[in-house]
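Please look over the sequence and the model before reading on.

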Amino acid sequence: MARYEYQPYGEEPYEYFNDNNRSSLSSKNRRKKKSRFVKKMASLVLSGAIFGVAAAGTFHGADRLLTLTDPANIEAAMTNLSSASSSSDSSSKNLSSPVLLTDTASGQGINLNVTQVAAAGLPSIVSITNISVQEVQDYYGMFSRYGRWSTPVEETVSCGSGIIIQATDSYLYIVTNYHVVENPTTLSVSFVDNQTYEAQLCGADEANDLAVIRVPMSSISSDTLSRITVASIGDSNALVVGEQVVAIGNALGYGQSVTTGIVSALDRTIGSSSSSQTTYIQTDAAINPGNSGGALLNMNGQVVGINTAKLSSTEVEGMGYAIPISQVLSIIQSLIV
C-alpha cells in the first residue's frame with residue numbers, strides 16, 4: 001500500500017512503492033524496453049535496406065562506367081559507328097531494291113493491292129522526251145520560202161515511257177519502244193523525282209518495236225539514285241486471262257500515271273503483214289499516247305509486259321496491247337552495249 005509524506009509547497013509528493021507496485025513497475029519497464037528494442041531493430045533493418053539499395057546502385061553505376069570507359073569497348077563502338085556511316089554513304093550511291101513483298105516460306109510473291117503495286121513500280125519507270133527533226137510536206141511548191149525543190153524540215157517533240165532494266169558502274173539502261181526514240185536529235189529522261197537527264201540511244205530493233213537507251217551513271221545525282229530502282233521482271237508466260245494488271249506510263253506527256261484492268265486475252269497479233277513474230281498481251285487497262293514503252297505489271301509488282309499500242313476508234317474501247325516480257329528478254333539483252 002502506498003503512503004505519502006508531506007513535502008514543502010511546490011514540490012510533488014514522493015511515492016513509496018510496496019511489492020505490488022514494484023511488480024507493476026517491472027511489467028511496464030519490460031514493455032518499454034521491448035518497445036524500444038523493436039523500434040531499434042526496425043530502424044536497423046530500414047537503415048540496412050537503404051544502405052543496400054545505395055550500395056547496389058553505386059556498384060552498378062561504377063560497373064557501367066568501367067564498361068563504357070573500357071578501351072576495347074570504346075574501340076568496338078567507334079568501329080560500329082564507322083561501319084554504319086559507310087553503309088549509309090554507300091546506299092546513297094546505289095540503286096534501291098524493288099519494293100516487293102515476298103512469302104518467305106515459298107519464295108513466291110504475295111498479291112498486292114494497286115496502291116502497293118504503284119509504289120513498287122513507279123521508281124523504275126521513266127518519262128522519255130524525244131526531240132527530232134522530221135521532213136514536212138510542202139503545200140506551196142515553187143512559192144515556198146524553201147524553194148521549189150527543197151525539202152523543209154522542222155523540229156518535233158514526242159513523249160513516251162521507259163523501264164529501268166539494268167544498272168552497271170558506267171550506265172543505267174532503259175528499255176522502251178522503238179517508235180518512242182526513233183530518229184532522235186536529243187533524248188532526255190525524267191525519273192520519279194522529276195529530275196531530267198540526257199540519254200543516248202544504245203540499240204534498237206525496229207521489227208519488234210524495241211529499243212534500249214542509257215544514261216551515264218556519273219551524270220545522275222546520288223539523291224536520284226537513292227530514289228530509283230531497277231524493275232523486277234516477272235514471267236509473262238504465267239499470265240492467265242482475267243488476271244488483274246497495272247499499267248504505268250507517261251500518258252499524254254503529263255507525267256507518270258497509273259491505270260488498272262485485267263488481261264483480256266493472250267497471244268494476240270496486231271495487223272496482218274507484220275514481219276515480227278511477237279504476239280501481244282491484250283488488256284483493258286487504259287493505255288494512251290505517252291504510255292508506249294511503259295510497264296504492264298502483275299499484282300506482285302513485276303514487269304510482265306511493255307505497253308506498246310492501243311486500238312482506238314469510235315467503235316472500240318479498252319483494247320490495249322503490251323509486248324510479253326518473257327518473249328523479248330534475249331532481244332533486250334542483245335541491245336545493251
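## Cysteines

Cys159 is partly exposed, at 37% relative accessible area. Cys202 is buried, at 15%. Buried means under 20% relative accessible area, exposed over 50%, and partly exposed in between (1.4 Å probe, protein chains only). The structure holds zero disulfides, a disulfide being a pair of cysteine sulfur atoms within 2.5 Å.

## Basis of the model

This is a predicted model: local features need pLDDT of at least 70, side-chain atom pairs count only at pLDDT 80 or more, and totals for chains, interfaces and linings use all residues. Numbering runs from 1 along each chain as its sequence is written, and side-chain values use heavy atoms, without hydrogens and water.

## Nonpolar cores

A nonpolar core is a set of buried Ala, Val, Leu, Ile, Met, Phe, Trp, Tyr and Cys residues joined through side-chain atoms within 4.5 Å. The largest one has 27 residues. Ile163, Leu210, Val212, Ile306 and Ile332 have the most contacts inside it. Elements giving two or more residues include strand E2 (153-167), strand E6 (210-216) and helix H5 (325-335). H5 gives the largest share, five residues. Helices (H or I, at least four residues) and strands (E, at least two) are DSSP runs, numbered from the N terminus.

A second, separate core has 19 residues, among them Ile174, Val180, Ala199 and Ile228.

Contact means heavy atoms within 4.5 Å. Beyond its neighbours within four places in sequence, Val212 touches residues including Cys202, Ile174 and Ile332.

Leu297 lies in strand E10. Leu297 is buried, at 1% relative accessibility. Outside four places in sequence, its contacts include Val117, Val245 and Ile248.
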